[in-house]
Each structure stands twice: as C-alpha cells, then as structure tokens.
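Please keep the sequence and the model in view while reading.

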Amino acid sequence: MSRLSSATLATLPADVARPRYDRGAVRCGVVHLGIGAFHRAHQAVVLEQALNAGDLRWGIVAASLRSPGVRDQMAPQDGLYTMLVRDGVADRAQVIGAVQQVIVAPEEPDALLAALASPDTHIVTLTVTEKGYKLDPATGALIESDPQLAADLASLDKPQTAPGYLVAALARRRAAGLPPFTAISCDNLPHNGRRLRGAVLALAQRHDPALAEWIAARGAFPETMVDRIVPATTAEDVAALGALLGVEDQAMVKTEPFLQWVIEDQFCGPRPDFGPGVQVTAAVAPWEEAKLRLLNGAHSGIAYLGGLAGIDHVHEVLALPEARSFVDRLWDEAETTLSPPDELDVAAYRRDLMARFDNPTLRHRTRQIAMDGSQKLPQRLLATIAARLEAGQGIDALSLAVAAWIRWQAGRDDQGLAHQVDDPLAPQIATALAGGDSAAARVDAMLRFEAVVPPALAGQGAFRDALTGWLEVLEARGALAALADLAEG
Ligand code: NAI
Ligand code: CS2
C-alpha cells in the first residue's frame with residue numbers, strides 16, 4: 001500500500017478533508033517542541049484552521065527532543081498526517097498539512113536553534129509532558145540533579161532540555177536584535193505559563209543575568225488550559241485507517257470531536273486568529289483548575305483502579321456502575337474546591353465529561369493515563385485533597401484514587417499480572433515502598449516523598465488514615481471491592 005503523501009492526496013476519498021491552501025507558500029511562524037499525538041490533534045489542528053482561512057504565516061516546524069519516531073513516520077509523508085475524529089458512532093478524517101518540517105533535536109540541534117531564532121518564528125508551543133520542564137512536581141523548582149538539566153546548566157552549546165533550547169534560542173534572538181517569541185506551554189500543568197517562565201528565567205540567570213532580565217521584561221509565557229482526549233495511536237488504528245483511505249499513514253492520530261484551548265491574552269508578538277474552540281482571555285486559572293481537577297483527577301482514578309482490576313480501556317471501566325459512582329463521588333468532592341468561570345455550567349460539564357469518557361471508539365488505555373503519576377497527581381488529586389481537608393471536608397473518593405496509585409507502584413494488578421510502572425520516579429518510589437511491611441508503613445513511606453507530596457499535606461492525619469484504610473482494602477480485596485465499598489459507603 002502506498003503512503004499518504006502530496007502525490008497520493010488526490011487519491012483519497014472525496015469526504016476526507018485536506019489542506020485548502022498552498023503548502024508551498026506557507027511560512028513557519030510556529031516552532032513546536034514535543035511533536036506527540038496531542039500536538040497533532042490539538043494545536044496543529046487549530047493552526048490548520050488559520051492556514052485554511054488564508055493566513056499562511058502559521059506553518060509549524062516541529063521538533064522531538066528525544067526519539068526520531070515521529071520524524072521517520074512523517075518525512076515519507078511530506079509532513080502530512082490524518083486526524084481521525086471518532087464520536088462513538090461515525091468517523092471523520094482530515095489530512096493536516098500544517099507541519100512543514102520535523103527536526104530530531106539530538107541529531108541536529110543547530111537546525112532547531114535556527115528555527116527558534118528565525119525572524120519568521122513568533123510563537124513556540126510545547127507538549128513535552130509534565131516531566132519535560134525538569135521541575136519538581138510539588139515545589140516547581142528546577143530539578144538540578146537531573147542529568148540533562150545539569151548539562152544545560154553547565155553549557156547551552158548543545159541544549160538537551162526544553163528550557164535549554166528556549167534560553168539558547170532567546171540568546172540568539174537578543175544578539176540578532178530580534179524580539180523574543182511567545183512561549184506557550186500546552187502541557188497539563190497548573191500555571192503552566194508561570195512554570196515555564198520560571199524554568200527559563202532560572203536557567204538564563206545562570207548563564208547571563210542580562211539575558212534573563214531581557215526575557216523577563218520582553219518575553220511572554222501565557223497560561224493555557226488545553227483539552228482534547230488523544231489516545232496513543234495503535235497498529236490497529238493505522239491498519240483500519242489504511243483500509244478507509246487506501247493509503248498508509250504511519251503518523252495518524254485518533255481523537256474525539258471535543259477541543260478546547262484557553263490561552264491567556266499575553267503575547268509579545270503576532271498571533272493568529274485562532275478560530276473556533278479557542279478562547280483568548282485574561283483569566284485562565286479557573287478553567288485550568290476545573291479541567292485538571294475534574295477531568296484529569298477522574299482520569300487518574302479510573303486509570304489506577306481500572307488498571308488494578310485488569311481493565312484496559314476507560315470506557316470499559318465506566319461500564320461498571322461502581323466506577324461511575326466513584327467518578328461522581330470524586331467530582332462531588334472536587335467541585336467544592338473550584339472557583340469555576342461564570343460561563344462554566346459545572347453540572348453540564350460533568351455530564352459531557354462522562355459522555356466523553358464513555359466513547360468506546362477512542363479505546364483510551366488505562367495504562368497510558370497511569371503513566372507519570374508522580375508528575376500528575378499533585379495537580380490532579382493532591383491539591384484537591386489539601387483544599388478539602390482545609391475546609392474540614394471528606395476525601396473518600398479522592399483518597400481512594402491516591403491509594404490506588406500507591407498500590408499501582410507494586411507492579412502487579414489484582415490478578416497478580418505484572419505491569420511496568422512507567423514513571424520518572426518509579427525507581428525511587430519502589431525503593432521508598434520496599435521497606436514498608438504494612439499498608440500503614442507503605443503510606444508513611446509515600447507521604448515522606450516530598451517530590452510528590454507537599455509536607456503540609458503529608459502531615460495531615462486524616463489523609464494518612466484515609467490512605468491507609470483504602471490501601472488495606474486494595475491489598476486485601478482488590479480495586480473492585482474498594483469501589484463497591486465506596487458505592488455502599
Ligand atoms: P506523546 O507520548 O505522543 O508525546 C509526548 C512528547 O513529549 C514526545 O514528543 C516526546 O518526545 C516528548 N517528551 C517526553 N518526555 C520528554 C522530556 N523529558 N523532554 C522533552 N520532551 C519529552 O504524548 P501526547 O499524547 O502528545 O501528550 C503529551 C502531553 O500533552 C501530555 O503529557 C499532556 O501534558 C499534554 N496533553 C495530552 C493530552 C492527550 O489526551 N494525549 C490532552 C491534553 C494535554
Ligand atoms: C490523560 C490526559 O494521559 C493522561 O494523563 O488524563 O492526557 C487527558 O487525556 C487530557 O488531559 C484530556 O484533555
């Protein structure tokens with residue numbers, strides 16, 4: 001089967017949407033760091049809207065700071081890929097042309113630095129995962145013990161981290177008399193703009209205080225809330241799309257119809273008319289907090305409890321009435337901690353979230369969501385628990401989700417089947433848990449893990465007791481029994 005490419009574009013079925021602009025006339029106003037599935041189904045699709053609307057300044061130079069994977073998938077396809085939108089009943093395919101070049105930074109660091117320093121570049125977006133910022137999840141401070149960051153602290157001649165590339169490129173722009181670019185984090189981090197700015201300024205300060213001062217004065221790091229469920233692509237997805245299109249697309253992504261992007265109105269240069277699904281506003285935090293605590297908090301609880309029960313996909317977990325009850329209880333607890341935007345109808349948002357989770361065609365794997373829990377739990381569950389305890393309120397569902405994360409670290413589900421604990425802190429967590437000879441001891445070990453659990457929360461007896469109680473149930477009777485207990489409680 002031939003590959004999707006500029007040459008085979010015309011052979012696609014008529015109902016497959018494709019670029020309506022001249023790709024050869026596009027200029028790259030955006031550099032993206034971390035070309036993963038989410039970028040291809042979210043920011044790139046928004047920029048495709050701008051290109052299709054006739055503003056050809058907004059092509060993308062995308063980079064992977066790690067593996068060549070996506071470059072090798074996209075290069076034979078002239079940078080084209082398909083986004084398959086699956087609403088649970090029907091599929092809609094759109095070929096995206098916004099990505100003009102994919103750089104594998106470890107192979108050609110200067111090519112990425114040149115793109116970042118180009119006068120055409122006005123915006124840099126990032127999806128490097130929560131761990132890509134090299135920040136302590138609990139405190140937000142730079143993790144100076146990280147080998148890649150340590151190398152960038154020593155020299156930026158060949159950057160190795162996202163903050164490193166941004167600082168090295170901003171130095172080039174300043175030396176060339178160019179303005180900074182607007183750096184937009186699109187990762188699920190609380191105050192992602194502030195965190196990115198902090199990492200960049202801290203690193204710049206080590207190398208050149210005058211550069212740090214220039215970035216602080218003239219740069220822009222808007223806060224954002226990003227939302228679209230984009231599960232990792234599987235070989236089955238690629239095969240099914242090939243049967244639909246008649247060409248092979250190794251870089252395809254699958255997603256849901258829903259898309260939301262809330263961006264703080266803080267730009268230091270030109271920006272596109274982002275179009276439908278995007279809000280540019282002064283106040284992002286209320287949107288971000290609601291999404292992280294409702295959608296992502298539930299997602300993590302579903303992932304660990306479902307994974308422990310040996311259930312592979314989100315929609316399959318939610319086929320269990322006890323799991324739906326758990327999600328509703330978690331949302332009842334989380335909702336009291338929110339200061340939602342006036343425009344947000346939380347009851348309707350919860351109904352829409354459950355429908356999105358129920359979409360059987362996304363086949364969102366619990367194990368994918370379970371990844372990097374040490375980087376996710378602080379903003380998804382721990383901050384919510386701290387707020388509930390401060391208000392003297394219960395944490396039954398929230399604490400069950402955290403206890404399930406602790407149980408997940410054992411590397412075996414309730415049937416004894418082994419799983420990989422995919423987390424940058426997995427070795428340290430395993431070591432911390434190894435010494436515990438009871439659920440209480442294992443909870444105490446985790447509460448001492450300051451990289452994840454803020455000491456003020458760790459010292460709360462109600463939190464320790466709730467975690468211990470749930471972990472004893474999980475270890476003795478399993479996740480389904482714990483869900484049943486909660487539903488009856
Ligand atoms: P992915 O696995 O497809 O891509 C991850 C990207 O991050 C890859 O380019 C990888 O090379 C890069 N990366 C990973 N660790 C890194 C590090 N330490 N330094 C630099 N780059 C690193 O994952 P996907 O689905 O694209 O998600 C990426 C991020 O996007 C998530 O972590 C989350 O913050 C955000 N997001 C994802 C959503 C989704 O449903 N997939 C939805 C909303 C936000
Ligand atoms: C998920 C998120 O993998 C995960 O941790 O919870 O990627 C989730 O799909 C997105 O935040 C939805 O916008």
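By class, nine nonpolar, seven polar and six charged residues make up the shell around ligand 1, where Ala, Val, Leu, Ile, Met, Phe, Trp, Tyr, Cys and Pro count as nonpolar, Asp, Glu, Lys and Arg as charged, and the others, Gly among them, as polar. This is a predicted model, in which local features need pLDDT of at least 70 and side-chain atom pairs count only at pLDDT 80 or more, whereas totals for chains, interfaces and linings use all residues. Residues are numbered from 1 along each chain as its sequence is written, chains are lettered from A and ligands numbered from 1 in the order in which they are written, and side-chain values use heavy atoms, with hydrogens and water left out.

**Ligand 1**
- Ligand 1 is surrounded by 22 residues, of which the closest are Ala37, Phe38, Asp187, Asn188 and Val230; a residue is near a molecule if one of its heavy atoms lies within 4 Å of it.
- Oxygen atoms of ligand 1 lie 2.9 Å from a polar backbone atom of Phe38, 3.4 Å from a polar backbone atom of Ile35 and 3.0 Å from a backbone N or O atom of Asn188; a polar contact is a pair of N or O atoms within 3.5 Å, and within protein one must be able to donate a hydrogen and the other to accept it, while residues adjacent in sequence count only if both atoms are side-chain atoms.
- Taken alone, ligand 1 exposes 820 Å², and the protein buries 82% of that; accessible areas come from the Shrake-Rupley method with a 1.4 Å probe, and for residues only the protein chains shown count as cover.

**Ligand 2**
- The residues around ligand 2 include Asn188, Asp227, Lys291, Asn296, His299, Lys376 and Arg380, and the shell divides into three nonpolar, four polar and five charged residues.
- Helix 10 (285-308) and helix 15 (373-390) each supply at least two residues of this shell, and the largest share, four residues, comes from helix 10; helices (H or I, at least four residues) and strands (E, at least two) are DSSP runs numbered from the N terminus.
- Oxygen atoms of ligand 2 lie 2.8 Å from a polar side-chain atom of Asn188, 2.9 Å from a polar side-chain atom of Asn296 and 2.7 Å from an N or O atom in the side chain of Arg380.
- Taken alone, ligand 2 exposes 340 Å², of which the protein buries 88%.

**Helix 21**
- Ala479, Ala481, Ala482, Leu483, Ala484 and Leu486 are buried in helix 21 (residues 479-488); buried means under 20% relative accessible area, exposed over 50%, and partly exposed in between (1.4 Å probe, protein chains only).
- The buried residues of helix 21 pack against helix 10, helix 12 (321-335), helix 16 (396-408) and helix 20 (461-477).

**Loop residues**
- Asn359, in the loop between helix 13 (346-358) and helix 14 (366-370), counts as buried because its relative accessibility is 8%.
- The side chains of Asn359 and Thr361 are joined by a polar contact of 2.5 Å, and, leaving aside neighbours within four places in sequence, Asn359 is in contact (heavy atoms within 4.5 Å) with Arg86, Asp87, Gly88 and His315.
- Asp78, in the loop between helix 3 (69-74) and strand 3 (81-86), has a positive phi near 55° although it is a residue other than glycine, and is partly exposed at a relative accessible area of 38%.
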